[in-house]
Amino acid sequence: MSPAGTPASTPASTPTVANLPMTKALNAGLRQAMRDNPKVLMMGEDIGPLGGVFRVTEGLFAEFGDKRVLDTPLAESGIIGTAIGLALRGYRPVCEIQFDGFVFPGFDQITSQLSRMRNRHEGEVIMPVVIRIPYGGHIGSIEHHQESPEAYFAHTPGLRVVSPSNPHDAYWMMQEAIRSDDPVIFFEPKSRYWPKGEVNLAESGTPLHASRVVRSGTDATVVGHGAMVSVLLQAADLAAEEGTSIEVIDLRSISPIDYGPILTSVEKTGHLVVAQEAHGFVSVGSEIAATVMEKAFYLLEAPVLRVSGFDTPFPPAAVETHFLPSPDRVLEAVDRALSY
C-alpha cells in the first residue's frame with residue numbers, strides 16, 4: 001500500500017486501515033493534503049531530499065518537487081515570516097521547526113504577526129499556516145532538543161494549538177489543521193514517533209478540537225495530551241491491578257480546550273488529576289485545574305491535582321527520567337485525591 005494511505009473516495013476494495021508509526025502517519029497526512037490542494041507547500045530545514053531529521057517528510061520532495069517542498073536556511077524567523085507572506089498570497093504553508101527548542105528565534109513572528117493577522121484585518125484575511133513542532137522528552141536528547149513550550153502558544157490569542165497522541169489522530173489532525181483558515185501550532189510528541197498504531201484511513205471519527213475518553217473508569221479522571229496519554233494509560237493499567245478504576249481523557253486540543261468530556265467525567269468520578277511533561281507553573285494543567293474548579297466545584301470530592309515536570313529547565317538526558325512524570329507519580333496523585 002502506498003505511504004500516502006487511502007483517501008475516503010477510493011474504491012471499497014482498497015484497504016482503509018493501516019498499522020503505522022506516527023512518523024509515517026504524519027507523512028501520509030501531509031502527502032494527502034498536498035495531493036488534495038496544490039496550494040499546500042512545505043518549508044523547513046532539511047525537509048527536502050533528506051526527509052527531515054525524523055523522516056516525517058520523507059519522499060515528499062521526490063513527488064512534489066522543490067517548488068512545494070522547500071529546504072530553507074537555518075532561520076526560524078525567516079521561515080515563519082515567509083510563510084505569513086505566502087498565506088497572504090493564497091498558499092497554505094506547513095512549516096517544520098526541527099526541534100522544539102529551535103522555535104524561539106521565530107517566536108516574535110508567531111506571536112506578534114502570525115497570531116494577530118486575522119484580528120488586525122477584522123477577519124477579512126485568513127492565515128492558513130501550520131507550524132509543526134516535534135516536542136517533549138523521553139528520547140535522551142541534549143539541551144534545546146527537549147522542551148515542552150506549548151503553554152507559550154496556548155496563551156497567545158489567535159493561535160490554535162493541538163497535539164496528537166497516536167498515529168490515527170496524527171494522520172487526520174494534520175489534514176484538518178492544514179484546512180484551517182487560522183494558524184495552527186501542531187505539536188508532535190517525539191517519544192511517540194515510532195510506536196505503531198492502527199490508522200483508519202477512511203474516517204477521522206473525532207473533530208480537530210475535541211477531547212476524547214480513551215479509557216473508561218469510575219473512581220478518578222486523569223487528563224493529558226501528547227506523549228503523556230500513554231503514561232496515563234500505563235498508570236490506569238497499574239491502578240486496575242489494585243482495584244482502582246481510572247478514566248483517561250486525551251486532550252488532543254490545547255487551545256481551544258474541549259471541556260465537555262472532562263466535566264462529564266468529573267461528574268461521574270468526583271476526582272481529577274491533570275498531567276503534563278511541561279513545567280507546572282502557569283501551564284496548560286494550571287488552566288484546566290482552574291477552569292474545572294470554577295465550572296464543577298460542587299461535583300468534586302477533592303481538589304484538582306497536577307502532575308508535571310519540575311519548574312526547572314528540561315534536564316540533561318541522564319536525569320530526564322526524574323523530571324518527566326511517570327505512571328508512579330500519576331498514581332501517587334490519584335491516591336492523594338482519593339484519600340480526601
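Strands here are DSSP runs of at least two residues, labelled E, and helices are runs of at least four, labelled H or I, both numbered from the N terminus. E5 covers residues 130-135 and E7 covers residues 184-189. The two run parallel, joined by six bridges. We say that two strands pair if DSSP finds at least two bridges between them.

Before I go on, please remember that this is a predicted model, where local features need pLDDT of at least 70 and side-chain atom pairs count only at pLDDT 80 or more, while totals for chains, interfaces and linings use all residues. Residues are numbered from 1 along each chain as its sequence is written, and side-chain values use heavy atoms, leaving out hydrogens and water.

Back to E5. This strand also pairs with E4 (residues 92-96), in the parallel sense over three bridges, and there Val94 has Val130 as its bridge partner. How many of the six residues of E5 are buried? Six of the six, so the strand is largely enclosed by the rest of the structure. Buried means under 20% relative accessible area, exposed means over 50%, and partly exposed is in between, using a 1.4 Å probe and protein chains only. In a regular strand the side chains alternate between the two faces of the sheet. Here, Val130, Arg132 and Pro134 point one way, and Ile131, Ile133 and Tyr135 point the other way.

Tyr135 comes back in an aromatic cluster, together with Phe104, Phe107, Tyr152, Phe153 and Phe187. Rings of Phe, Tyr and Trp (its six-membered ring) pair if their centres lie within 6.5 Å; planes under 30 degrees apart are stacked, over 60 edge-to-face, and the rest tilted. The structure holds 15 aromatic pairs. In one of them, Tyr171 and Trp172 have ring centres 5.1 Å apart and planes at 85 degrees, so the pair is edge-to-face. Tyr171 and Trp172 are both buried. Phe297 and Tyr298 are also edge-to-face, at 5.2 Å centre to centre and 85 degrees between the planes. Phe297 is partly exposed at 47% relative accessible area, and Tyr298 is exposed at 79%.

Now for charges. A salt bridge is a side-chain nitrogen of Lys or Arg within 4 Å of a carboxyl oxygen of Asp or Glu, and the structure holds 15 of them. Please find Asp100 and Lys190, which meet at 2.6 Å, N to O. This pair links distant parts of the chain, 90 residues apart: Asp100 is in the loop between E4 and helix H4 (107-114), and Lys190 is in the loop between E7 and strand E8 (196-200). Are they buried or exposed? Asp100 is buried at 0% relative accessibility, and Lys190 is buried at 0% too.

Another salt bridge joins Arg336 and Glu332, at 3.0 Å. They sit four residues apart in helix H12 (residues 327-338), so about one helical turn separates them.

Let me finish with Glu320, in helix H11 (residues 320-323). Glu320 is buried yet has no salt bridge, and the nearest side chain of opposite charge, Lys190, is 8.4 Å away. For charge, Lys and Arg count as positive and Asp and Glu as negative, with His and the chain ends not counted. What lies 3.0 Å from a polar atom of the Glu320 side chain? The backbone nitrogen of His138 does.

Key
Polar contact = N/O pair within 3.5 Å; in protein donor to acceptor, adjacent residues only side chain to side chain.
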